[in-house]
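Here's a quick look at one residue and its surroundings, followed by the wider fold. Have the viewer open while you read.

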Amino acid sequence: MKKVLLASLLSVILFSFIYSQTASTGEIWGTVVAEDGSVIPGVTIKLTSDVSSERKTLTNEKGVFRFKSLAPSPSYVLSAELEGFKSMTQKNIKVKSDQSQ
C-alpha cells in the first residue's frame with residue numbers, strides 16, 4: 001500500500017515560504033514531512049510556471065528543498081514524487097517581487 005504523501009506535502013505548503021530575494025526575483029522553499037513529523041529526504045520536487053522552464057530538485061537529508069531566483073508569477077505549480085508514496089501537486093503558488101510572505 002502506498003503511503004500518503006498528501007499530508008506530507010500539505011506540510012510543505014503550510015511551511016513553505018515565498019518571498020522576494022531582490023526587486024525582480026523570489027524564492028520558494030519548504031520541508032517535506034510525514035504525518036508523524038519525520039522529515040522525508042530524497043523527494044523529487046518539480047516546479048513549473050508560465051514564465052520559466054521546468055526546474056527539479058531533491059529534498060536533502062533534512063527534507064528541505066529550495067528554488068532560488070524565480071521570476072514573479074501567479075501560477076507556479078509544485079509537485080512532489082517519491083517511490084512508495086502517493087504523488088501530490090499544489091497549483092497557483094504566487095511569487096511576487098518586493099513582497100515577503
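## Contacts of I45

Setting aside neighbours within four places in sequence, I45 is in contact (heavy atoms within 4.5 Å) with V32, R55, K56, T57, T59, F65, F67, L78, S79 and A80.

I45 sits in strand 3, residues 44-48. Strands here are DSSP runs of E with at least two residues, helices are runs of H or I with at least four, and numbering starts from the N terminus. I45 counts as buried because its relative accessibility is 1%; buried means under 20% relative accessible area, exposed over 50%, and partly exposed in between, using a 1.4 Å probe and protein chains only.

L78 belongs to strand 6, which covers residues 73-81. At 6% relative accessibility, L78 also counts as buried. Its C-alpha lies 7.7 Å from that of I93, 15 residues apart along the chain.

## The whole protein

There's 1 helix and 7 strands, in the order α-β-β-β-β-β-β-β along the sequence. Of the 101 residues, 36% are buried. Take contacts between residues at least 6 apart in sequence: 53% of them join residues at least 24 apart.

The protein exposes about 5900 Å², with carbon and sulfur atoms supplying 53% of that. Accessible areas come from the Shrake-Rupley method with a 1.4 Å probe, and for residues only the protein chains shown count as cover.

## About the model

This is a predicted model: local features need pLDDT of at least 70, side-chain atom pairs count only at pLDDT 80 or more, and totals for chains, interfaces and linings use all residues. Residues are numbered from 1 along each chain as its sequence is written, and side-chain values use heavy atoms, leaving out hydrogens and water.
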